[in-house]
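Here is a friendly briefing to read alongside the model on your screen. Take a look at the fold, then follow the points below by topic.

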Amino acid sequence: MKKTNKKQISKSLLAGALAVSLALGTGSIPVFAEEDTTETEELQELRIGVMTSGLDHWIAEIGIATGIYEAHGLDVEYTEFAAGVNTVDAIVTGQVDIGLLADYAAVNRIGNTQDSTDLKIIANFARAAMNELYVNTEVITDLSDLAGAGFLTLPGTVWDYWTAKTYEYAGIAEEDQNIINVDSQQTAVGALTTGEGDAFWASGTTAEKLAEAGLESILSLNDLGVWTDQYFITYEGYLEEHADVIQAFYEAVKEIEDWMTDNQEEAAQILEENISYPSEQFLQNFPQYELSVSFKSDTLEHLNNIKEWALESGLFEKDYDFADFVDTSILQEVYPDEVDY
């Protein structure tokens with residue numbers, strides 16, 4: 001895990017960003033030439049948990065590097081985790097203030113803690129369907145070959161949902177399924193390249209590593225008619241005590257998303273330099289995201305559909321109203337047109 005502190009790196013990153021901007025002749029990276037130390041001392045601390053190399057990681061790093069968080073009065077520090085669900089564990093244990101969850105992980109986590117949790121989803125910030133199913137073609141040449149083959153998943157995350165929907169699409173009965181739990185995408189790569197597993201849903205750098213190792217893509221999420229929404233999540237007490245921080249966070253994230261969309265080359269260079277994320281991977285993957293800071297009725301419907309599937313699958317014991325675990329009161333004040341449920 002890596003912890004990045006804006007106060008420690010903001011000056012060097014801004015200098016680097018300025019150099020990139022001048023070299024490209026764009027002048028598009030916002031640089032705050034003079035630092036007001038009084039304002040810096042008054043910045044409000046915000047601790048964010050991110051998934052390593054995920055979109056939320058990109059947003060956090062770009063927000064620091066460009067000074068956008070600081071411009072919105074925030075002193076942002078982030079910590080990396082292997083999966084989004086781990087950021088929620090960090091919220092519960094007091095390590096971070098805001099984390100992220102994908103749709104399935106949100107449904108499953110809340111379903112299994114519904115009587116004791118104070119977690120609240122506060123915004124949907126992205127939607128995508130870019131993952132592909134990579135397989136060992138010495139074992140799998142057709143979807144029917146998934147029967148008995150080792151299918152890797154990150155338990156408790158959206159990978160469980162993708163895996164289940166794959167088996168459903170392929171018509172493979174439960175008794176013929178061979179699901180292998182791993183703790184990270186990196187572990188999955190290792191297992192697949194050493195023959196300890198045969199199939200895994202992947203995108204970005206992970207997909208590139210699997211392709212380099214000789215695995216091939218045979219299915220996409222679009223083939224399944226499945227997409228993934230990603231959400232920011234916190235807890236009720238934080239919302240009550242730090243409404244001003246949440247408001248500033250919404251505004252900053254929207255500005256960061258817009259800046260990344262308008263300055264993809266510069267964003268790619270910053271991420272490659274600062275977090276070693278390959279620029280070509282960013283330029284390939286970023287346009288596949290539908291970005292927002294919102295919570296719409298179709299988002300709630302999407303979550304409820306997954307919840308109904310999970311309940312029927314026995315992943316938790318009783319039903320619940322997902323709207324009870326969503327709080328968009330501050331979001332509606334900031335972006336009223338982005339909330340309609």
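Helix axes here are lines fitted to C-alpha atoms, over the stretch in contact, and their angles run from 0 to 180 degrees between N-to-C directions. Helices (H or I, at least four residues) and strands (E, at least two) are DSSP runs, numbered from the N terminus. This is a predicted model, in which local features need pLDDT of at least 70 and side-chain atom pairs count only at pLDDT 80 or more, while totals for chains, interfaces and linings use all residues. Residues are numbered from 1 along each chain as its sequence is written, and side-chain values use heavy atoms, with hydrogens and water left out.

**The chain as a whole**

- The chain has 16 helices and twelve strands.
- Of its 341 residues, 55% count as buried, where buried means under 20% relative accessible area, exposed means over 50%, and partly exposed lies in between (1.4 Å probe, protein chains only).
- Contact means heavy atoms within 4.5 Å. Among contacts between residues at least 6 apart in sequence, 79% join residues at least 24 apart.

**Helices that pack together**

- Two packed helices are described by the angle between their axes and the distance between the axes.
- Helix α3 (residues 55-66) and helix α13 (residues 264-275) have axes that come within 10 Å and cross at roughly 95°.
- That angle makes α3 and α13 roughly perpendicular to each other; the classes are roughly parallel under 35 degrees, roughly antiparallel over 145, roughly perpendicular from 65 to 115, and oblique for the rest.
- On the α3 side, the residues in contact are H57, W58, E61, I62, A65 and T66, and they meet A267, I270, L271, N274 and I275 in α13.
- For α6 and α15, the packing angle is about 55° and the axes are 9 Å apart. This makes α6 oblique to α15.
- The α6 and α15 crossing is right-handed: a crossing is left-handed if the near helix is turned anticlockwise from the far one by less than a right angle, and right-handed if clockwise.
- From α6, the residues D103, Y104 and V107 meet H302, L303, I306, K307, W309 and A310 of α15.

**Aromatic rings**

- A search of the whole structure finds 19 aromatic pairs. Rings of Phe, Tyr and Trp (its six-membered ring) pair if their centres lie within 6.5 Å, and planes under 30 degrees apart count as stacked, over 60 as edge-to-face and the rest as tilted.
- Why is the pair of Y104 and W309 edge-to-face? The ring centres of Y104 and W309 are 6.1 Å apart and the planes stand at 65°, so the pair falls in that class.
- This pair links distant parts of the chain, with Y104 in helix α6 (residues 103-113) and W309 in helix α15 (residues 297-312), 205 residues apart.
- Y104 is buried at 2% relative accessible area, and W309 is also buried, at 17%.
- The rings of F282 and F286 are stacked, because their centres lie 5.0 Å apart and their planes are at 20°.
- F282 is buried with a relative accessible area of 0%, and F286 is buried at 3%.
- F282 and F286 also belong to a cluster in which ring pairs link them with W58, Y277 and Y289.
- K307 lies over the face of Y320, at 5.5 Å from the ring centre; a charge sits over a ring if NZ of Lys or CZ of Arg is within 6 Å of the ring centre and within 35 degrees of the ring normal.

**Loop residues with positive phi**

- S53, in the loop between β2 (44-51) and α3, has phi near 70°, a positive value in a residue other than glycine. S53 is partly exposed, at 31% relative accessibility.
- S276, in the loop between α13 and α14 (279-285), has phi near 60°, again positive in a residue other than glycine. S276 is exposed, at 61%.

- V85 is found in helix α5 (residues 84-92) and is buried at 14% relative accessible area.
- Leaving aside neighbours within four places in sequence, V85 is in contact with L100, L101, R109, G156 and T157.
- Q185 is found in helix α8 (residues 185-193) and is buried, with a relative accessible area of 14%.
- Not counting residues up to four places away in sequence, Q185 touches L154, W159, F200 and T206.
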